[in-house]
Amino acid sequence: MRHPVAIVGAGPAGMSAAITLAQSGVRPVVIDENPRAGGQIYRQPEVAAHAPAPPAATGTRLLRQFAEADLELLCGASVWGFFQDRRLALVRDGKSLTVEAQHLILAPGAYEYLPPFPGWTLPGVMTPGAAQGLVKTMNVLPGRRVLLAGTGPFLLVVADQLQRVGIDVAGIVETASRREVLRALPALLARPGLVWQGIRLHLRLRRLPFFWKHVLIEARGADSVQEAVIAPCDGDGRPDVSRARTIAVDTICAGYGFVPRIQLAQLAGCRLQFREGLGGWVPEVDEDFETSVEGVWTAGDGGGVSGALAAEVEGALAGLAVAQRLGVLDRKTYEGKRRPLRRRLNGLRRFRDGLQRAFRLRSGLTDLANSATLVCRCEELTRGQIEEGIASGGTDVRTLKVISRVGMGPCQGMMCWPATARLIAARTGRTVEAAGPPSTRPPIVPVSLGELIDVDQATNSHPEGTAAVVERGMA
Amino acid sequence: MSDLSRNHFHAASAAREPVVRFTINGQESSAGAGTSVAAALWAAGRRALRLTTQRGEPRGIFCGMGVCFDCLVEIDGCPNVRACRIAIKEGMRVRTQQGAGSWEEAP
């Protein structure tokens, strides 16, 4: 059996697409790497009554609708490849399986980005999302005294969550100025509810030291973080090191926004475009979220970072479009359901654009790294080594990879390509876009030979076998 | 690092959690059920989950979502496992990884 629809990712976009399809009478198969649905934002703890519920973003309604929808859920399954006829290659519980679908909705989400700075590889420097995960689902404290640094409202959300579990939050270091945030207000007021949430968050955190227009320039420590060095910065994020100060902390959470996970779209051959405001390279889509490859759709932050609420709407829109394409939804019903969703999405996008202007990734941050700072964490390459590679002709991300090995480690350049592309741009005097996207090859997650060998033969040769494997996985 | 060891659990809820026992580099340890291997090591005060291949530098939890590959450890004799992606299980043998890691020889 070929599935009518396979959805990769059970975050807000994937869940919403699945719910929409199920409501239209299509039974999708939903694949997610995590042990439970929810994605990064609506992560569900393994053990009930774990960490205290966060004030917002619980996704309760979405999770409930998803749990009640008629669908097949494959959790703990990593997609490592995309093959002809929209066939996905997965590993799950040490075994290989394939899932073939008429339509494929990619909803892989995004990951956090931080520009390299001295000390950023020290244990104790982590993304705000990693700290949030420890607190929300693991009941583990990332540290005793934590500094949050970077840009964007996510820092406040995490600061609040850390404070609630008794962590001493040393402060919030934000590259944007207060004035820039105020200037963004007209756009942000496209979603007054979210602005109100932000204000309430600020009020709850009002006792914390808030360093506007500052940047984290160094993490220090022997085997683990002991100090953070911060300094005031200009509008480009360039620090005034003469006014640097040191803060004693055991953990630093640094995050400067999100980068879409485009690896699967790349394997599928989707045409990409560079959209700085959406987090970098994203698949080109039409207004129904279909990519340049027929039958391959994308929704949510994986198609361009717009946040969880927009992801939910995009998922619903993609789900409707796929249902219509499958012939289970007539044009009129489709149009009727689509219109209010589009309106809502437009508002959310105005809000996103406002946020993006205030909390953008600033060009000066590239120079936080000195020539001895590691840029590629996997291959342990310094900025100096990468710049040597650029000087010897590596003037795009792919060529530079061949010359210097940057991005050749297990993360396949996910962590370092934004920094690498910016170093190329700075050296060549061209745009970040001109440095091109990173190259991606299957497997996009590590797969052992044992897992590859351990294939249920039925999975490949007998189409019914795929369903059988999927069903067994559910038991 | 002694000030970071133990007591990383939330005191409030630690008591009602089922406990899983495992070893880190041969040493007995325990963690709340449903904890990832990375979080279990972190809670036990182990921040350096591995030493890198080239420079031998310590790495800890970084992205926490399986993207960065910094938290590679050896689990039950198998190296290069992302500690943040695996749930800790009773009797699991976890080793912090040195460089590229090594496979445990079959007995």
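**Entry 1: A:Glu72 and A:Arg27**

I looked up A:Glu72 and found its side chain in a salt bridge with that of A:Arg27 (3.3 Å, N to O). I count as a salt bridge a side-chain nitrogen of Lys or Arg within 4 Å of a carboxyl oxygen of Asp or Glu. A:Glu72 lies in strand β3 (residues 72–74) of chain A and A:Arg27 in the loop between α1 (12–23) and β2 (29–31), so the pair, 45 residues apart, links distant parts of the chain. Helices (H or I, at least four residues) and strands (E, at least two) are DSSP runs, numbered from the N terminus. A:Glu72 is buried, at 4% relative accessible area, whereas A:Arg27 is partly exposed, at 33%. Here buried means under 20% relative accessible area, exposed over 50%, and partly exposed in between (1.4 Å probe, protein chains only).

**Entry 2: Basis of the values**

I note that the model is predicted: local features need pLDDT of at least 70 and side-chain atom pairs count only at pLDDT 80 or more, while totals for chains, interfaces and linings use all residues. Residues are numbered from 1 along each chain as its sequence is written, chains are lettered from A and ligands numbered from 1 in the order in which they are written, and side-chain values use heavy atoms, with hydrogens and water left out.

**Entry 3: A:Asp367 and A:Arg383**

I next recorded a salt bridge between the side chains of A:Asp367 and A:Arg383 (3.0 Å, N to O). A:Asp367 sits in the loop between α10 (331–358) and β20 (374–376) of chain A, and A:Arg383 in helix α11 (residues 383–391), 16 residues apart. A:Asp367 is partly exposed at 38% relative accessibility; A:Arg383 is buried at 11%. Both belong to a network of salt bridges that also links A:Arg238, A:Glu387 and A:Arg427.

**Entry 4: Chain B against chain A**

I then turned to the interface, where 39 residues of chain B are in contact (heavy atoms within 4.5 Å) with 48 residues of chain A. Four salt bridges were found across this interface. One of them joins the side chains of A:Glu33 and B:Arg82 (3.4 Å, N to O). Another pair is B:Asp70 and A:Arg377 (2.4 Å, N to O). B:Asp70 lies in the loop between β4 and β5 (72–75) of chain B and A:Arg377 in the loop between β20 and β21 (381–382) of chain A, so the pair joins two chains. Both B:Asp70 and A:Arg377 are buried.

**Entry 5: Whole structure**
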